[in-house]
Amino acid sequence: MTISYFLQQLYVQRALIVSVLVALCAALLGVSLVLRRYSLIGDGLSHVTFGTMAVAAVLGVTEMYISMPVTVGASILLLRGSTKSKLKGDAAIALISVSSLAIAYLLFSKFPTGNVSADVCKTLFGSSSIMTLRPEDVKTSVIFTAFVLLFFVFFYNRIFAITFDEPFARATGCHTTVYNILLAAITGIVIVLSMKMVGALLITALIVFPALSAMRVFKSFRTVTICSSITSVIGAGAGVFFSLLTGLPVGSSIVAADLLIFLLFLLISVICSLIGRTTQK
Amino acid sequence: MKLISCKDLSIGYDNHVVASDLSFDICDGDYLCIIGENGAGKSTLMKTLLGLQKPISGELSYENGLHQNEIGYLPQQTDIQRDFPASVKEVVLSGCLNARKFRPFFSKSDRKRCQESMDLLGLTDLKHSCYRELSGGQQQRVLLARALCATKKLLILDEPVAGLDPIVTTEMYAMIERLNKEEAVTVVMVTHDVSASLQYASKILHVSHHPLFFGTKEEYLNTKIGQAFLGLSMAQEGDGKQ
Ligand SMILES: Nc1ncnc2c1ncn2[C@@H]1O[C@H](COP(=O)(O)OP(=O)(O)OP(=O)(O)O)[C@@H](O)[C@H]1O
Ligand SMILES: [Mg+2]
């Protein structure tokens with residue numbers, strides 16, 4: 001079975017499109033989140049999503065209806081006015097994250113819906129459901145990605161200003177609260193969408209790896225943003241193919257691909273600094 | 001023409017008052033120096049003027065159509081991450097953002113303005129350098145250039161010359177004075193450099209939990225507080241001349 005065979009399959013095309021698009025959104029957000037020291041927001045929020053999934057399973061409603069609003073709400077709560085709230089960023093994330101995890105597991109155990117451990121494992125590490133996407137799923141992610149891309153293109157300069165120095169942006173008349181809430185809402189949505197792909201425990205990788213890789217080598221905000229989008233797309237594509245060819249789980253494959261890219265960039269930065277040192281001599 | 005007016009203003013954090021009974025006006029064309037010892041509340045006052053900190057009581061108002069996005073600001077301290085990837089040009093250009101209103105991209109004139117303020121502060125050669133790899137004084141200059149980009153009307157500077165070398169300090173004062181005299185930019189400056197504030201300021205505000213003095217420089221020199229606070233540095237200046 002070759003790559004060209006896979007590329008002709010409809011389910012592969014769908015999986016590829018959705019993973020690449022979601023990874024792209026996550027990478028764009030990632031730059032700003034990592035730089036504002038919110039690297040673990042993905043972890044916290046995905047556990048919230050995990051919790052809402054348990055609630056949805058117990059109540060017997062469609063997951064999306066509960067997980068989307070609750071996750072977006074939690075995201076806004078965590079990212080909005082972190083300067084003012086008494087609980088500081090990382091502590092609040094830790095609190096929300098473990099609470100929802102515990103509640104979810106309690107619910108799963110109390111009201112077993114099918115095989116508990118399989119369910120839990122699936123939502124924590126992602127499932128093969130990415131290979132059984134419906135056309136609507138593809139449509140949703142295309143529309144959402146288009147929205148996120150437009151947001152980032154139009155507000156790129158403002159996002160830079162807020163990420164770089166929020167008090168200055170606020171002091172000189174930028175409506176930082178509005179942008180923070182929008183960014184938080186987008187973050188929440190990306191998390192819910194990527195749950196299907198990589199699962200709750202691995203989402204952080206989609207957010208931090210591309211930004212961290214790019215920051216090894218590039219030194220301006222623009223180049224870092226562009227580079228992290230590209231590496232994220234490559235990582236997602238490579239991960240999906242690797243998983244198809246080997247039959248290994250998709251989520252972990254994508255994260256492994258991102259890790260490889262990160263190591264590559266690390267190597268490049270080491271080599272660059274070595275070259276820099278020798279030319280200086 | 002008044003730009004900002006304060007009446008019985010009390011400032012501080014979470015109901016902990018740092019300074020109270022502040023009543024003063026900032027008028028068009030002023031060069032106001034704010035002086036006082038460490039912890040007197042100067043930076044807090046700046047943050048309150050900018051709306052970053054809520055006043056505890058009293059009134060603070062922007063007059064004559066002064067808008068938040070017409071103010072340039074140089075903070076005393078910034079919590080910019082040590083590993084932030086940003087070039088000098090990107091940082092300076094971000095100062096032009098507030099005049100953009102809802103237009104998303106920078107125009108030619110913004111870029112020109114950015115280039116001019118980089119030239120002014122001798123940053124042209126560092127244009128493409130990474131902000132985090134600059135020295136403290138160079139970073140200070142970048143933030144100053146950003147503040148210059150942000151305003152044509154009111155410049156609020158919190159210890160602008162702290163960490164600058166003597167040559168740049170002199171140039172800096174000359175430049176601020178030129179902006180104030182020729183381009184009619186109102187300057188509000190916190191400084192510990194008393195001799196400079198005597199040389200350049202048109203008005204002086206001395207803060208120490210309660211406002212000790214507000215008025216013109218000449219009046220300040222005639223008060224007991226002024227003579228006491230400035231005494232030391234005047235003596236030093238005298239020594240220098242001998
Ligand atoms: N974020 C804060 N939260 C609570 N109290 C603060 C905060 N920042 C400053 N303070 C307190 O407010 C008082 C005034 O601080 P401020 O920074 O305004 O002093 P300053 O006049 O600018 O001093 P300096 O000359 O050292 O810059 C200090 O006593 C300080 O302890
Ligand atoms: Mg201060």
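Author: A residue is termed buried if 20 or more other C-beta atoms lie within 10 Å of its own, exposed if 12 or fewer do, and partly exposed in between, with C-beta atoms placed from the backbone. In chain A, buried residues make up 46% of the 281 residues. This is a predicted model, in which local features need pLDDT of at least 70 and side-chain atom pairs count only at pLDDT 80 or more, while totals for chains, interfaces and linings use all residues. Residues are numbered from 1 along each chain as its sequence is written, and chains are lettered from A and ligands numbered from 1 in the order in which they are written.

Reader: How many helices and strands does chain A have?

Author: Helices (H or I, at least four residues) and strands (E, at least two) are DSSP runs, numbered from the N terminus. Chain A has 13 helices and 0 strands. The radius of gyration is taken over C-alpha atoms, and the globule rule is 2.2 Å times the number of residues to the power 0.38. For chain A the radius is 19 Å, close to the 19 Å that the rule gives for 281 residues, so the chain is as compact as a globular protein of that length.

Reader: At what angle do α3 and α11 of chain A pack?

Author: Axes are lines fitted to C-alpha atoms, for helices over the stretch in contact, and angles run from 0 to 180 degrees between N-to-C directions. Angles under 35 degrees count as roughly parallel, over 145 as roughly antiparallel, 65 to 115 as roughly perpendicular and the rest as oblique. Helix α3 (residues 41-59) and helix α11 (residues 203-217) of chain A pack at about 160°, their axes being 8 Å apart. The two helices α3(A) and α11(A) are therefore roughly antiparallel.

Reader: Which residues of α3(A) and α11(A) meet?

Author: Two residues are in contact if their C-beta atoms, placed from the backbone, lie within 7 Å. A:Gly42, A:Asp43 and A:Ser46 in α3(A) meet A:Ile203, A:Thr204 and A:Ile207 in α11(A).

Reader: How many residues of chain B are in contact with chain A?

Author: There are 26 residues of chain B in contact with 23 residues of chain A. On the chain B side, β5 (71-74) and α2 (88-93) each supply at least two residues.

Reader: What is the phi of B:Asp21?

Author: Most residues other than glycine have a negative phi. B:Asp21, however, has a positive phi near 55°; B:Asp21 is found in strand β2 (residues 16-27) of chain B. B:Asp21 is partly exposed, with 13 other C-beta atoms within 10 Å.
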